[in-house]
Amino acid sequence: MPTCYNSPLSGLVFERPMITNDPLAPLWNIREGADNNRVLAELHTDLAERGGGFVSTTYFEILDNDLISDTGLSMRSILQSGVNAASRDIATLGTDYAHRREVARMAEVEGLLSWIQAGGEGVFMLCSLCPGKQELDGASARKMNFKQDRMMSSNVIYSIDDGRLRAEYFSLDNHDLAAHKSLLARLGLGTDCVATLDVLKEHYILPTHVDVKAVIQDVFGTQPNQFSTVHKAALSQVESINRRFFTHLDESLKKGVTSSQLGSLCLQLELDLSEGSVLTLRHARQIADVLRTQRLPHFIYEAKGVDGKVDISYESALSASSGYVHSGSCPAAAVDGVNGYSLAGLKGQSIAEQARQLEARYAGHGNCHACGSTTDLYGCGVFCYSCNKVWCQEYAVSGRQLEIEEVKRRSSSETYLIFR
């Protein structure tokens, strides 16, 4: 059952939503008493995915019939939760495809335990590929958060390290079935898979002397590097900001009003939240999303500090003015602090192509920021289909990014609706 949180503000009850990539996940973790190691591990993983080409590492303790992460989570329980969530979503999605994938993933624990019991020699690799359009239609793929435009895979290499299971997670773009077969061929392996769903049922055991990452470099043109090592200098600041932000956000949400501590921090971070202002869960989620997609990644990937130290206010202002969003491995409704929209992942493309992709991109279900309707969202998850079309048509013609109020005005204009 989802966890519910009572708020003294008008008797509201905040329920932790069972959604992918919730910007408020750190808040729920704090409320559920998660230790700091878990909070930091999830922060590092999120930042690593947004930079691309980085490995995030987790360790598991080996038990008789399960594997427990260093943040206290059971691998068997995590995978079973995925099966349960996918089972509930069959009716909504109109297909059992996601459920079949999650069921296939359940074999991961048994495969790992068998390998470990046999001595755990070499490395154990698993790959989860994005299904192509011949396997899953585009609309369904978007609802399940697959990135068919990037054909992005999620991968993990396991090894035994001082009696514990070491897991190195990383993603790869352009990792379709053909590329996967090329990778396996270079590793001296073969496969009879005809669909990405089949790949989930396979695991690959390789001898220690095989340099898997070097082969990945040859096949995909990129070699994942350890995120925490490359960006160690800036991480301490980002970790501190993240912890303070969500601690103060938690305190403020319980009262329904922005505290002085949260207001002061948001002022430094160029976030649209001031001391004494009414704070709703919806607004908190929007602000948290700007923090994780713009401000924190900016400190890691763009800030130019001295000895690892940066001016928070100055760099936050640069991040706010650029409006650039670092997209992760799972898309969220990325809200720009200026006009409520983001062009994440579309840099380098023509304006017309950007507009075309944004108009067609499904981004989940929620409230439209312009008309207020609760419906399917498109583009970057800010607008409903009609309001998103208004924004995209103007952008395609003039390159101008309409503010939310202008989209609202145009969408409510009967004259504009007739001719658009």
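Reply: This is a predicted model, in which local features need pLDDT of at least 70 and side-chain atom pairs count only at pLDDT 80 or more, while totals for chains, interfaces and linings use all residues. Residues are numbered from 1 along each chain as its sequence is written, and side-chain values use heavy atoms, with hydrogens and water left out.

Me: How many disulfides does the count come to?

Reply: A disulfide is a covalent bond between the sulfur atoms of two cysteines. The rule asks for a pair of cysteine sulfur atoms within 2.5 Å, and by this rule the count is 0 disulfides. For cysteine 368, the closest cysteine sulfur belongs to cysteine 371 and lies 3.6 Å away, which is too far for a bond.

Me: Is arginine 292 buried or exposed?

Reply: Buried means under 20% relative accessible area, exposed over 50%, and partly exposed in between, with a 1.4 Å probe and protein chains only. Arginine 292, at 10% relative accessibility, is buried, as are cysteine 368 at 1% and cysteine 193 at 4%.

Me: Which strands does S5 pair with?

Reply: Strands are DSSP runs of E with at least two residues, numbered from the N terminus, and two strands pair if DSSP finds at least two bridges between them. Strand S5 (residues 123–128) runs antiparallel to S8 (residues 204–206), with 3 bridges, and is also antiparallel to S6 (residues 153–161), with 5 bridges. Valine 123 has leucine 206 as its bridge partner in S8, whereas leucine 126 stands opposite valine 156 in S6.

Definitions and conventions: Helices (H or I, at least four residues) and strands (E, at least two) are DSSP runs, numbered from the N terminus.
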